Every structure is written in C-alpha cells, then in structure tokens.
Amino acid sequence: MLGTGPQDVWTLFHSLSFDFSVWELWGPLLYGGRLVVVDRDAATDPLEFARLLVARRVTVLNQVPSAFGNLVTEAADEGIRLPALRRVVFGGEALVPADVRRWWAQGIAPDAQLVNMYGITETTVHVTWCPLSPAVLEQAAPGRTPIGRPLPHLTVSLRDAQGDPVAAGEPGEIWVAGAGVTHGYLDRPELTAGRFVDPADGSGRHYRSGDWAVADAEGGLFYAGRQDGQVKLRGFRIELGEIEAALRALPGVSGAACLVTADAHGEQSLTAYLVADRTELPASRVRTELAVRLPSHMVPQHVHYLERLPVTPHGKLDRAALAA
C-alpha cells in the first residue's frame, strides 16, 4: 500500500519494546530497503534527529505525534528541509492536526505524503490507514482524529456496550477482526476472555480495543479517544483530550497537554502545559480564549510553559514527567 522498495531509507526511531518498532524494522528489510538505527541521543534531541534525516537522506519516517511536534518546531526554527523524504507515517497517539499544518506551511518536505495509521499491539501493530490532506483534516471535528479505513487483512466495526453495531455518526468501541488479531494474553485467561470475543452475529473472533471512534456516512473512521480517558473533577466528567485539542488551536501554541494535578493540601485542579511564548500568549489570555470554547469546569486553573513536551523512550507524551 505504501509502495516501499529497495530505494527507501527508513529510520528505527522507536524502542524495541514498543510495537511501532516492528513496523519500522521489517518495513524496509522485507523489501530490500535500508534501515538507519537512531541512537538514544539523536532520538531524544529533535534538532540532532532532523540533521540525521538530512545526512542519511531518509525517505520513510515513522513518528509518534508527540515526537513529530518537537521535530516540526526544530526543523522550522533552523530552516531544515528534507527533500529526500517521501512519506511520514504517524501512529501510537492521536494526531495533532496543528503540527501537520505547520509542517505543510513551512514546506519542510514538500514531496512527502503524510499518512495517519491507527494500531494496537494485540492486532499486530497497524489496523487502519488514512492519507492526510488539508481537506481530510478539515472534515474532522475538534478532538477527533481521521484514521481512515481498515487495512486489507482486517475488518473494523464500531459497537455499543452490548456489542451491537452503532449507526454512522454515533460513537462506538473499535472492534477488530481478521488475520492480525492475536490469540490472547499469555497466562491471563480472564483478561483474554474480556477482550477477545466472538459476537453472536457470527462474524468471528474480535479484539475489543477500548478505543472510541465515529464513522461517517462513507465509512471513514475518526478516532475519538479512550473509553478510560476521562477524569472526574468536582463532579464533572472531563475528557482531557478535548481540552488539549482546544489548547493546540490557540495561536502560537506548538505543543499542549493537560493533567489533573494536586497541591500540597491535596486540592485537585486542571493544569495546562504549553509550548508557546508566554509574553505573546500569557496565561490570562489562554484562560480567556478557552472560556469561549469550553465550559468553565474544563478551563485549566494553572498554565505552565515548556520549551518542548517531554516524551517517553517510545516517543509518546511523557505525562509522568509533566506531573513530576
């Protein structure tokens, strides 16, 4: 589907303990391509990594959106261009549309196709794929990520709590069936029975992902978050991803995250973490802007500014480091 071949140079950016690395490792080697193993120093330094992409003339880049956001910032600030790059593949986290738009606007790799892929370890890495364009991003409602359609060897259905398919436009849990679905968890029969199910409709063995999505009338899928991604604060159920999407939509913000934090007395509140210029976008303006977009109980009480968002060895947003 991606047309990879012996002319391609991929990077092994992610930790071998992260399923994304399986894709990165075998993607080039099965088709005669070359693989650049990225050392830890380069993987954690976006500027050094950008320079490596130039020096090794990388053609296929795989990125978790958190790491990609840092790469875009450094490449834009340093005027780095990647003329050899022909494809960027996202996975592992919800896409950050603002970073994709910055990438396009800066002309960092004008010939590169951007593809968003949704995947789960239990279904052998990737499940769906979605070539990105400005029009595709425009179709997505705030807080919903376009993930496209299933790969040819898999099927995806969206189901309610009873396991019945939901209608187009209605949120449902992603159920995956097909050749990539694993047999279950080693020595965890109860967990296996809860996640790997055979519905009464005779459609075979499925994996229940715990992820929400919505399908449009044509069957295109939009990721809508984790079932367990909500927090409860002062009696309100809050989806942190919705707040983060609103933060990223603010002018001048190149990265954003939100956590529930507690003070010395145990009082909990919402804290926003921004990659932005505090003089151009002070905390008071952040809260004023968000008050227009969000209900009052979802407006963060505290705002912290960072040079970049911390990421784990897997390249995902490191929420533990934010909270430390």
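Tutor: The model is predicted, so local features need pLDDT of at least 70 and side-chain atom pairs count only at pLDDT 80 or more, while totals for chains, interfaces and linings use all residues. Residues are numbered from 1 along each chain as its sequence is written, and side-chain values use heavy atoms, with hydrogens and water left out.

Student: Why is C258 called buried?

Tutor: Buried means under 20% relative accessible area, exposed means over 50%, and partly exposed lies in between (1.4 Å probe, protein chains only). C258 has 0%, so C258 is buried. C130 has 7%, so C130 counts as buried too.

Student: How do you know how many disulfides there are?

Tutor: A disulfide is a pair of cysteine sulfur atoms within 2.5 Å. By that rule the count is zero.

Student: What makes R159 and D201 a salt bridge?

Tutor: The rule asks for a side-chain nitrogen of Lys or Arg within 4 Å of a carboxyl oxygen of Asp or Glu. The closest N and O atoms of R159 and D201 are 3.0 Å apart, so the pair is a salt bridge. R159 lies in strand β8 and D201 in the loop between β10 and β11, so the pair ties together parts 42 residues apart in sequence. Helices (H or I, at least four residues) and strands (E, at least two) are DSSP runs, numbered from the N terminus.

Student: Which of these two partners is buried, and which is partly exposed?

Tutor: R159 has a relative accessible area of 4%, so R159 is buried. D201 has 44%, so D201 is partly exposed.

Student: How do you know that R208 and E173 form a salt bridge?

Tutor: Their N to O distance is 2.9 Å, and the limit is 4 Å, so the pair passes. The two residues sit in distant parts of the chain: R208 in strand β11 and E173 in strand β9, 35 residues apart. E173 is buried, at 1%, and R208 is partly exposed, at 21%. Salt bridges link E173, R195 and R208 in a network.

Student: Why are R248 and E244 said to be about one helical turn apart?

Tutor: They are four residues apart in helix α8, so about one helical turn separates them. In total, the rule gives nine salt bridges.

Student: What makes the phi of T124 worth a mention?

Tutor: Most residues other than glycine have a negative phi. T124 is not a glycine, yet its phi is positive, about 65°. T124 is in the loop between β5 and β6. At 47%, T124 counts as partly exposed.

Student: Where is D187, and is D187 buried or exposed?

Tutor: D187 is in the loop between β9 and α7. At 69% relative accessible area, D187 is exposed. D187 also has a positive phi, about 60°, and is not a glycine.

Student: Which residues make the nonpolar surface patch?

Tutor: V22, W26, L29, L30 and Y31 make a patch of about 540 Å². Y31 is in the loop between α1 and β2. Patch residues have over 30% relative accessible area and no salt bridge; nonpolar side chains (Val, Leu, Ile, Met, Phe, Trp, Tyr) are joined within 5 Å, like charges within 9 Å. Areas come from the Shrake-Rupley method with a 1.4 Å probe, and for residues only the protein chains shown count as cover.
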